[in-house]
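This report examines how two chains are built and how they meet. Please look at the sequence and the structure before reading on.

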Amino acid sequence: MTEAIFKTENLKIAYGKNQVIHGIDWDIIEGEVTALIGPSGCGKSTFLKTLNLLVRSMSDDVKLSGSITFSGKNILNDKIDAIDLRKQIGMVFQQPNPFPKSIFENVAYGPRIHGVKKKRELQEIVEQTLIEAYLWDEVKDRLEDSALGLSGGQQQRLCIARALATKPDVLLMDEPTSALDPISTLGIEELIRKLEGQYSVILVTHQMEQAARVSDTTAFLYMGELIETNKTSQLFSNPTEKQTEDYITGKFG
Amino acid sequence: METNLRASERLVRKSRKLSLKNPERNGKIVVYTAAFLTVVATLAVTVFLAQRGLQSFYMSDINPLEFFTSTNWNPSGDNPTYGALIFIFGSLAVTLASAVIVAPLGIGAAIFMTEIAPSWGKKVLQPVIEILVGIPSVIYGYIGLTVLVPFIREQVGGSGYSLMAGIVVVSVMILPTVTTLSADALNRLPNGLRSSSYALGATRWQTIRRVLLPAAIPGLLTAVILGMARAIGEALAIQMVIGNTELLPGSLLDPTATMTTIITLNMGHTTFGSAENNVLWTLGLILLAISYLLVMAVRFLGARRKI
C-alpha cells in the first residue's frame with residue numbers, strides 16, 4: 001500500500017454558518033497526480049485551500065474541524081506554523097497571477113522570504129526551477145523583464161516555477177488552465193505529467209477530460225461530500241456510484 | 001420589394017425612419033454639449049487668468065525677475081515693490097511639508113484599513129474618514145485657530161501664528177483625502193497577489209512590504225499628489241493660522257503668508273486694473289500652473305499603472 005501525503009478525517013469546513021464541506025475522510029496518495037472534480041460550488045477550491053491553511057489567511061470567519069494529517073502532524077492543530085507548512089506545499093491559482101516584478105524576482109520571491117540571501121544561490125534556484133517548469137529557454141535572456149509581459153501560458157508556468165522554488169513536496173493546483181487557451185492548456189498538462197513522481201500534485205479541475213488526461217487518481221466531490229475516489233481509468237470507465245456516473249456522462253453539473 | 005431587402009439594409013432603413021425622434025442622436029447632443037461646456041469653462045478660466053496675470057509684466061511694467069526672486073512686497077507704498085518670493089515659498093513650504101508628513105500617515109492608515117483590519121476598516125474606519133474628507137476647510141481653520149495656535153504659543157514658543165500651524169492644519173485637512181485614495185489604490189490590487197504571496201509562506205508584513213506596496217506605488221503617489229493639489233489651493237484654513245505677515249520665515253515658528261492667503265486678503269481692497277490688483281492675478285496664474293503640473297503628474301502616473 002502506498003503512503004498517504006494527506007489524510008483527512010471527518011474534515012468539515014464552514015464559512016460562518018455556511019457549511020461547505022460536510023466531513024471528508026480521504027487518503028491522498030503520495031507522488032501521484034490526484035484530480036478533484038465536481039460541479040462549480042461543490043467546495044473543491046475550498047478543500048484545496050484548506051490543505052495549506054490558505055483559507056485561514058484569506059477569510060476571517062472560516063471554521064475548520066476534524067483533522068488533516070500531513071507528514072505525521074495534524075495541520076489543523078494550532079501549534080502548526082502555517083509559514084513552514086506553505087514552504088512544503090506550493091500552490092498555483094486559477095488566474096495566472098505573477099507579481100508585478102521581474103521574471104527573476106517572481107521566482108526568487110519564495111526563497112528570499114525563507115531566508116536565502118546570496119545572489120549566486122538565488123540565481124541557481126531560479127535557473128533550476130525555470131528549467132523544471134519548461135520556461136527557461138523562453139525567458140533566459142530576459143530574466144530582468146517584467147513578468148507581466150509574458151503570455152498567459154508563460155505566466156502560468158512562471159507561477160508554477162514560483163511555487164516550485166521553495167522546494168515543496170506537494171503542488172496544489174486550483175483550475176490552473178481555466179483562464180488559458182487550448183495550446184497553453186496542453187503545455188501545462190504536459191508539465192503536470194512531468195512533475196508526477198517528484199511531487200504530489202493535487203489538481204482541482206472542472207474539465208473532466210483534463211482529469212482523465214493527467215491524473216492517476218480522481219475524486220468526485222458533490223455538495224461538500226466526497227462521493228467517490230478511484231483510479232482515474234476506473235472512475236471514468238466504471239464508476240461505482242450513480243451520482244458519479246450521472247456527472248461524468250453529463251446528466252447534471 | 002420590401003420583403004427582398006437584406007437584414008442589414010432593413011436595419012439602415014429603420015434607423016433612418018426614426019431619425020426625427022432619434023433617441024440615439026438626442027443622447028449624443030446632450031453628452032456632447034456637456035463635454036463641450038466643460039472644455040470651454042476650463043479654457044476660459046485659463047485664458048482669462050493668463051491674460052490678467054501677465055498684465056503685471058507688460059502693462060504694469062513689473063520686472064518678472066524681481067517678482068519671482070525678491071522678498072520686498074509693498075505694492076501700496078509710494079515707491080511700490082512687487083517681490084512675491086515670500087508667498088511662493090510659503091505655498092510650496094506648506095504643500096511639500098504637509099505632503100511629507102501625510103504620505104506615511106495616510107498610506108499607513110490605508111494599509112491598516114485594507115490589510116490589517118479589513119472588516120473593521122471597511123465598516124467603521126472608511127465611513128469615518130470619508131466624512132472627514134467632506135468637512136469644510138473653515139472648520140479645520142477655526143479649530144486650528146482656537147486649539148492649535150494657543151497650544152503652539154504656550155508649549156513651543158512664538159506667537160502661535162506660524163508656518164508650523166499652517167502646515168499642521170493643512171496636514172490634518174488632507175490626511176483623510178490621502179488615506180481614502182491610498183486605500184482605494186490598495187483595494188484595487190488583484191486578490192491573487194495576496195493569496196499567492198501567502199501561499200508561498202510569506203507573512204502579512206512581507207506580503208505588504210514586498211508585493212502590495214510596490215504594486216500599488218503609482219496609485220499611492222497619485223493619492224499624495226491629489227492631497228498636495230488640495231493643499232496648494234487651500235486659502236481659508238491657512239489664512240486663519242499662519243499670521244499673514246509679509247516676511248520670509250526664519251523658522252517654523254515664524255508667521256508668514258502664502259499665495260492663496262495674499263489673494264484673499266487683498267482682492268477686496270485693490271482696484272481692478274491697478275498694478276496692485278494685477279499681481280494678485282499673477283499669483284493666481286502661478287497657482288493654476290502648479291495645479292496643472294500636479295494633475296499632469298497624476299495622469300502620467302495613472303498611465304504607468306498596469307497590473
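In which loop of chain B is the place of B:Gly201? B:Gly201 sits in the loop between helix 8 (191-199) and helix 9 of chain B. The model discussed here is predicted, so that local features need pLDDT of at least 70 and side-chain atom pairs count only at pLDDT 80 or more, while totals for chains, interfaces and linings use all residues. Residues are numbered from 1 along each chain as its sequence is written, and chains are lettered from A and ligands numbered from 1 in the order in which they are written. Helices (H or I, at least four residues) and strands (E, at least two) are DSSP runs, numbered from the N terminus.

## Where the chains meet

B:Gly201 is buried, because 23 other C-beta atoms lie within 10 Å. A residue is called buried if 20 or more other C-beta atoms lie within 10 Å of its own, exposed if 12 or fewer, and partly exposed in between, with C-beta atoms placed from the backbone. Not counting residues up to four places away in sequence, B:Gly201 touches A:Ile83, A:Arg86, A:Lys87, A:Gly110, A:Ile113, A:His114 and A:Thr166. Two residues are in contact if their C-beta atoms, placed from the backbone, lie within 7 Å.

The contact takes 22 residues from chain A and 17 residues from chain B. On the side of chain A that touches chain B, at least two residues each come from helix 2 (54-58), helix 3 (82-88), helix 4 (103-113) and helix 7 (152-164) of chain A. By class, that side of chain A has 11 nonpolar, seven polar and four charged residues. Here Ala, Val, Leu, Ile, Met, Phe, Trp, Tyr, Cys and Pro count as nonpolar, Asp, Glu, Lys and Arg as charged, and the others, Gly among them, as polar.

## Loop residues of chain A

The loop between helix 7 and strand 7 (170-174) of chain A holds A:Ala165. A:Ala165 counts as buried because it has 27 C-beta neighbours inside 10 Å. Leaving aside neighbours within four places in sequence, A:Ala165 is in contact with A:Val107, A:Gly110, A:Pro111, A:Ile125 and A:Thr129. From C-alpha to C-alpha, A:Ala165 and A:Gln88 are 10 Å apart in space, and they are 77 residues apart in sequence.

A:Lys167 is found in the loop between helix 7 and strand 7 of chain A. A:Lys167 has a positive phi of about 55° although it is not a glycine, and it counts as partly exposed, with 15 C-beta neighbours inside 10 Å. A positive phi of about 60° is found at A:Leu53, which is not a glycine. A:Leu53 lies in the loop between helix 1 (44-51) and helix 2 of chain A, and with 23 C-beta neighbours inside 10 Å it counts as buried.

## Helices packed in pairs

Axes are lines fitted to C-alpha atoms, for helices over the stretch in contact, and angles run from 0 to 180 degrees between N-to-C directions.

| Helix pair | Angle | Axes |
|---|---|---|
| Helix 7 (residues 163-187) and helix 9 of chain B | roughly 150° | within 8 Å |
| Helix 9 and helix 12 of chain B | about 170° | 9 Å apart |
| Helix 7 and helix 8 (residues 182-195) of chain A | about 20° | 9 Å apart |

Angles under 35 degrees count as roughly parallel, over 145 as roughly antiparallel, 65 to 115 as roughly perpendicular and the rest as oblique. Helix 7 and helix 9 of chain B are therefore roughly antiparallel to each other. Helix 9 and helix 12 of chain B are therefore roughly antiparallel to each other. Among the residues of helix 9 of chain B that meet helix 12 of chain B are B:Pro218, B:Leu221 and B:Ile225. This contact of helix 9 with helix 12 of chain B has 13 nonpolar, four polar and one charged residues.

In chain A, helix 7 and helix 8 are therefore roughly parallel to each other. Helix 7 of chain A contributes A:Gly152, A:Gly153, A:Gln156, A:Arg157 and A:Ile160 to the contact, and helix 8 of chain A contributes A:Ser184, A:Gly187, A:Ile188 and A:Leu191. These residues divide into three nonpolar, five polar and one charged.

## Helix 12 of chain B

Helix 12 (residues 275-304) of chain B has 30 residues and reaches 44 Å from its first C-alpha to its last, close to the 44 Å expected at 1.5 Å a residue. The expected span is 1.5 Å times one less than the number of residues. Its buried residues include B:Trp281, B:Leu287 and B:Leu294. Among the elements that cover the buried residues of helix 12 of chain B are helix 2 (23-58), helix 4 (85-116) and helix 9 (204-233) of chain B.
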